Amino acid sequence: MKSNSVLRVVVSGLLAIGFLITSQPVHAQTGREIMQKALHKTSWQTMQGDVTLILTNARGEQRIRKIKMFSRKRTEDENDMLMRFVAPPDVRGTAFLIIEHAKGEDERYLYLPALRRVKRIASSGKGGNFMSSDFTYYDIGRPKLDDWTYKRLADTTIAGHLCYQLECLPATPQIARDTGYNKIIRWIRQDILVTIQSHYFDRGNRLWKVLTVPGVQKINDVWFQTDMIMKDIQINHQSEMKFENIQVNVKLPPQFFSVRYLQRMR
Amino acid sequence: MWLTQWVVKHAKLVVFITLLVTLFFGYQAKNLQRDPDITASLPQNIPAKKLYDRMSDIFPSRDFVLIAVESDSLFSPTVLTAIYTLTQSLQDLPDVYSVMSPTNIKIIRGTEEGLDIRDALPHPPKTMADVQAFKNALFTSDMPVELIISKDRRMAGIMVFLKNVVRPEEGAKEIMDFVNRQSLPFTIYITGKPVLTYYLGRGMAKDFGMLFSLVILLIILILFISFRNARGVLIPLGVVIFSVLVTLGFMVLVGAKLTHSTNMLPILLSSIAVADGIHILNRYFERARTNGTPQSTVINVMKELNAPVAVTSITTAFGFLALNTSRVTSVGDLGRFTAFGVMVAMVFSLTFIPAVLTLLPIPKRIRTRKESQLRNKLAVRYANFLIEHRGLTGIALLVLIVFLAFGFTRIRLENNTIENFPKSHPARIAFEKVNQEFAGTTFLTALVETDSAGGIKEPRVLQEMDSLETFLQRQPHVGTTLSLVDFVKRMNKALHGDSAQYYRVPPEQVIVHSTEWVEKNGQWVEVPVTDTIPGRVLVAQYLQLYEMSAKPEDLANLVNYNYQIARINAFLDTESSQALRTLDQKTRQYIASHVNHANVALTGTSELFLAINDLVVKGQFYSIIASLILVTLVTAISFRSLRIGLLNAIPLFFAMWFNFGFMGWAGIPLNIVTMLTSSIAIGVGVDYAVHFIHRYQIDLKDFNYEESLRGTMVEAGIPIVLNALTVGLGFAVMLFSVFLGVRHMALLISLAMFTTCFGAITILPVLFLTLKPRFLKKENQ
């Protein structure tokens, strides 16, 4: 895997999940057309925001992580990204830097404040779950239209919003293998074209995870999912990801995404 | 008596209702489900069981299947490529949580500039150089290689962890089918608790079908030999099949499943249920010789037999109910449902049989029985023998009793799922091979719980876990251990330039010498600094680093996500309860004296096996006492004499004595299956003494002790022996079971039928002749 998965989470997916709203109302269309419109990406040069990740287990115990995220589009298909942990206290100050390379392996660095050292990480990690949450890297990564085939089901109303309902089936067995999903049902709000609910089915075709989106927000004319809850109903575990203070096209110093800066910034 | 009269009057209605009831319950019986997991029948209030179930809440995967791939050239590009591919495709199976194999195990290494975390084999090897690199990486990795590479290095082990939502035996089946479909050119062994559970289920299904057919065939044969006509075969057979169907249907209605115990119910019930029918038809054919209408013949027969059929059925049912003293739910189920079935059979024998006989004409031609004269002669000769040699017989019995007593000390208590399979069974072959060559598939889990979230990251807790692991590793049968501590130590080493002295848990306070960048006069410069960092912070950052760079699933299965509970898994190569007991005791002692900063509780498959063992011992003791007391009471009440009740218990007591003596001498282990023998034998065997005493009392009214014995031996002794033969042979069908445990039980319980019968027709007469108890004369029913 060339492009690094963590990177995809954040840069790409992360906020690219922010879906662009098309101005015209949409009329009778195929499932694929709807998805294509929903995936219509916004363009930004830099982006930053605060992310809160709340994991809750079956007994209601919680584990909360706060991260500050920064990213920059360095070239057309290369991004830089920096995550700085704010909480919990024992990992406060830990920072993770990814410099994407179109050719060759991405550079990944972690700053450990306890050792005051930056460590370069080389790994063949395939991805899996994002920071032990119920979101996989794929769930929050940049959605790929051609990975799935789409079938439009009857429109339904979810939380008071009229939604398109799409049945998404993996386009190839490899996609099913990589994602672990045999089927996804998505509900996409018709007015703003943002997914507000998804059902994920495992490879045994059992309902596995349910995504709900309690928060959407318009930033610079772009609608973002700012609050997402992914619930694994098989183990009764859920993860909530909240975005706050999202800003796009903020000016960051040119050296911001460098190892040296990683070590200095507190 | 009112019952028979009513039945005779409404014969058609009775037959109709019987068929309707059977149809209703029989239809339900279709939905009978099977639960082959022995540990599932442990009661919830057993700590180890509670914890074992709790583990599925805390960790995403609890049970695993181990696939061992054997090849003489394991370390070659072709074989490794095959293992690489197999590992990947196993990971894709829907029931699989994660896979740990030699190819995908994470190797953590410190490098010049940082950290390198990769699969041991990132891509299929092409050359021997690739293979060599892989070997080096694997064997210098500090990883518990014993789990995934065999001692002789000819086998690779792939540990497949199942999702907790999956029934283990179904997950095992999916994996086994998948591996078989690959038709790999290697010898492959698949084992683990889910696989054994799967094979248990398959064996149970096979037993259920085959043994039940066998016992039905046997019953047909016995009935045919006894009666040689259609009604003599069909009517008792009907009672047998109807009672079994009703009982199974009833089990479905109350939500019970077929377990390793209740799986034997149809065989037990059939053998018992046929006895009443034989009795009734026997007397019917005898009576049918004298003239009479069907109605009057039936009424005469039942007048005589209603009471004995009821009493023997009730005592048998009570014997089975005594199994409910066991806390193993499946054993209790067998007791309850067989008791229910015996009652159903009794009702059918007392209603359906007379009803059908009423509707049929009296048979014209009845076979005269020549052999009955021979039998009578033999019976009298046996009675004479006892009368002449009562002293000698008594002494011989005493010698036998003493000899048997020496067997008691040799009884082995051993609940071993694997020893239940014959040596040639694939489940046993795979299990033994894998446990001999790898760290082992039975596991002991130490669940380490701290007071607060994050508590596991405290160095003092990690250090105690580390020394507990070291302790466990030194114990016999422990192949290796796995815990979060291993990851922390590896990270600590890797982040200190792979220096071996850092392969340890960081101390409470860590002094770190490093440099800091500071801005001086508009320029960034590096200056040396020394910090004192809490060890916990360092650990937290290591774990964070690992989570960011490798598979978080590796950790998720070893520590709960808020770092309050962790587990140490010790892998064991044995299921022997004696070995497990020693380990359990030593480990508990160690924990009590060495672990102070966390609560440690023990569970795992090893603890479940031990819990079963404990329940078997206690259950055995209580169920024998309970069944002896119950049948003594029931007979005392029906004879209206406590002394006769106690007299009744003597042959049973002898049969128990014989049972345990025999187990000891024959080397048959006491386990969850063989423990069932005593209560069943008491419940069924009590009938013989009841019949014998009842008849003897009647004869004593007119004759002396010796003459009464001759009469009783003919009138009661012969039917008793025939009954014991029938029931004993019925039980003996279980000798053809897939499982050694069931075969042992078949042997024991068939023997018990003969010993209870022997007790009734030998020990009782010797006692009567020697003691000449007067209460037998005075007190009449």
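## Strand pairing in chain A

Two strands are said to pair if DSSP finds at least two bridges between them. In this predicted model, strand E3 (residues 62-75) of chain A is joined in this way to strand E4 (residues 78-87) of chain A, the two being antiparallel with nine bridges. One of the residues concerned is Lys66(A), whose bridge partner in E4(A) is Ala87(A).

E3(A) also runs antiparallel to strand E2 (residues 46-56) of chain A, to which eleven bridges join it. Here Leu53(A) has Arg65(A) of E3(A) as its bridge partner. E2(A) and E3(A) form a hairpin, with five residues lying between the two strands. Within the turn, Gly60(A) has a positive phi of about 85 degrees.

## The two chains

Chain A has 266 residues, of which 39% are buried. Its secondary structure consists of five helices and 14 strands. Of the contacts in chain A with a separation of 6 or more, 47% are between residues 24 or more positions apart.

Chain B has 781 residues, and buried residues account for 55% of them. Its secondary structure consists of 25 helices and twelve strands. The C-alpha trace of chain B spans about 130 × 50 × 45 Å along its principal axes. Of the contacts in chain B between residues at least 6 apart in sequence, 80% link residues at least 24 apart.

## The nonpolar core

In soluble globular proteins, nonpolar side chains tend to be buried together. The largest nonpolar core of this model contains 305 residues. The residues with the most contacts inside this core are Val65(B), Val160(B), Ile612(B), Phe692(B) and Met734(B). Helix H24 (residues 740-771) of chain B contributes the most to the core, giving 17 residues.

Apart from its neighbours within four places in sequence, Met734(B) is in contact with Leu211(B), Met264(B) and Ile267(B), and also with Val742(B), Arg743(B), Met745(B) and Ala746(B).

## The interface between the chains

Where the chains meet, 41 residues of chain B are in contact with 34 residues of chain A. On the side of chain B that touches chain A, the elements giving two or more residues are strands E4 (114-119), E9 (509-520) and E10 (523-534), together with helices H17 (535-549) and H18 (552-556), of chain B. The largest share of that side, ten residues, comes from H17(B). By residue class, the side of chain B that touches chain A comprises 20 nonpolar, eight polar and 13 charged residues.

How values were computed:
Residues are numbered from 1 along each chain as its sequence is written. Chains are lettered from A and ligands numbered from 1 in the order in which they are written. This is a predicted model: local features need pLDDT of at least 70, side-chain atom pairs count only at pLDDT 80 or more; totals for chains, interfaces and linings use all residues. Helices (H or I, at least four residues) and strands (E, at least two) are DSSP runs, numbered from the N terminus. A residue is buried if 20 or more other C-beta atoms lie within 10 Å of its own, exposed if 12 or fewer, and partly exposed in between; C-beta atoms are placed from the backbone. Two residues are in contact if their C-beta atoms, placed from the backbone, lie within 7 Å. Ala, Val, Leu, Ile, Met, Phe, Trp, Tyr, Cys and Pro count as nonpolar, Asp, Glu, Lys and Arg as charged, and the others, Gly among them, as polar. A nonpolar core is a set of buried Ala, Val, Leu, Ile, Met, Phe, Trp, Tyr and Cys residues joined through C-beta atoms within 7 Å.
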